[in-house]
Amino acid sequence: MLRFTLRRLAELALVFLGVTFAIYAAVFALPGDPIASLGGDRPLAPDVAERIRAVYHLNDPLWSQYLRYLGRLLTGDLGTDFHGRSVAERLATRWPVTIRLALTAWVIQVVVGVGLGLLAGLRKNTWIDRSVLVLTILIASVPVFVLAATAQLVFGVRLALLPIAGISDGWPLSYLLPATTLAVYGLAAVARLTRGSVAETMGSDHVRALWARGLSRRRVIGIHVLRNSSIPVLTFLAVDLGFLLGGAVVTEGIFNLPGVGQLLFQSIRSHEGPTVVGIATALIIVFLLSSALVDLLNSLLDPRIRHD
């Protein structure tokens with residue numbers, strides 16, 4: 001187990017370095033001069049622009065800039081944007097909104113997705129199973145902006161049940177529509193994955209042996225079937241939580257939520273490279289930690305899984 005842990009940490013470190021360098025290089029290779037745009041309609045004086053570039057080391061080689069960024073990152077410093085604001089402090093004001101949105105969407109995926117998948121798996125090849133299949137294919141085929149606009153029109157404007165934008169109504173009212181929109185695509189995958197895993201487990205030899213021993217349906221399904229079927233589902237859900245945290249750019253934009261996704265979109269438009277890299281780094285760390293957590297959950301849920 002120790003060898004596996006050390007190897008896993010080494011793999012995560014390599015992935016982190018590779019991905020962050022690729023993002024860093026891509027962001028600072030974008031066309032346009034972010035320093036020149038700081039002056040707006042009145043261009044900056046050449047000596048002022050050059051002084052700002054020197055402060056941010058923009059004239060240094062890319063590898064030198066990246067190593068300097070990693071050095072600051074080891075102290076918890078995500079950098080400073082071109083207006084002198086701390087990226088970490090800007091993120092701190094945005095994280096609560098994105099975390100509430102992502103966790104609400106994740107809970108919807110777990111409750112609805114696992115519920116539909118369990119129902120379809122226990123009623124394999126019936127009209128219920130086929131209905132779940134059609135429903136999940138249908139909702140996964142609709143573009144996110146179409147689904148979001150439709151939800152705003154129907155539930156926000158026509159029925160006036162939920163707010164259509166902003167967070168003035170607090171949680172959960174302000175988050176239900178955007179979270180449902182964000183959860184729909186992962187929900188379809190969770191339902192199909194749960195259905196296949198439950199159906200496979202129900203037909204296994206050890207489950208048939210439990211039926212033969214006379215165990216109650218509630219005990220067989222609630223303990224043995226769910227536990228053995230949960231490993232691939234939990235693996236997907238743990239990884240998907242990282243995607244939910246980083247994939248809310250469109251949803252936060254449509255519903256005008258002041259979260260990390262909206263900040264990322266605004267920073268890309270204004271060529272705020274340090275902010276984009278800082279946000280991407282934070283999201284990468286979240287994704288890698290959730291990926292490592294998957295291995296631990298798999299070991300706890302299935303004793304047959306051992307890491308050498």
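Below is a working chat about the predicted model shown above.

Colleague: Before we start, what kind of model is this, and how are residues numbered?

Modeller: This is a predicted model, in which local features need pLDDT of at least 70 and side-chain atom pairs count only at pLDDT 80 or more, while totals for chains, interfaces and linings use all residues. Residues are numbered from 1 along each chain as its sequence is written, and side-chain values use heavy atoms, with hydrogens and water left out.

Colleague: What does the pLDDT average over the protein chain?

Modeller: The average is 79, and 88% of the residues score at least 70, where pLDDT is the predictor's confidence in each residue on a scale from 0 to 100.

Colleague: Switching to packing, at what angle do α4 and α5 pack?

Modeller: Helix α4 (residues 87-122) and helix α5 (residues 127-141) pack at an angle of about 145°, and their axes are 8 Å apart. The axes are lines fitted to C-alpha atoms, for helices over the stretch in contact, and the angles run from 0 to 180 degrees between N-to-C directions.

Colleague: Which residues meet there?

Modeller: From α4 there are L116, L119 and A120, which meet I128, D129, V132 and L135 in α5, a contact being heavy atoms within 4.5 Å. The residues of that contact divide into six nonpolar, no polar and one charged, where Ala, Val, Leu, Ile, Met, Phe, Trp, Tyr, Cys and Pro count as nonpolar, Asp, Glu, Lys and Arg as charged, and the others, Gly among them, as polar.

Colleague: What does UniProt list as "transmembrane region"?

Modeller: The unreviewed UniProt entry lists residues 12-30, 99-120, 132-155, 175-194, 233-255 and 275-297 under that name; such positions are given in the numbering used here, feature names are shortened, and annotations may be inferred rather than shown by experiment. In the model, residues 99-120 are 100% helix and 0% strand, with end C-alpha atoms 31 Å apart. Residues 175-194 are likewise 100% helix and 0% strand, and there the end C-alpha atoms are 26 Å apart.

Colleague: What about the loop between α6 and α7, where does A160 come in?

Modeller: A160 lies in that loop and has a positive phi of about 55° although it is not a glycine; A160 is exposed, with a relative accessible area of 58%. P172 is also found in the loop between α6 (144-158) and α7 (173-202), and the peptide bond from W171 to P172 is cis, with omega near 10°.

Colleague: Where is N256, and what is its phi?

Modeller: N256 is found in the loop between α10 (249-254) and α11 (260-269), and its phi is near 55°, a positive value in a residue other than glycine. N256 is partly exposed, with a relative accessible area of 46%.

Colleague: Last one, where does G76 lie?

Modeller: G76 lies in the loop between α3 (62-73) and α4, and it is exposed, with a relative accessible area of 52%. G76 and A88 are 12 residues apart in sequence and 8.5 Å apart in space, C-alpha to C-alpha.

Conventions. Helix = DSSP H or I, 4+ residues; strand = E, 2+ residues; numbered from the N terminus. Buried < 20%, exposed > 50% of the residue type's maximum accessible area, 1.4 Å probe, protein only.
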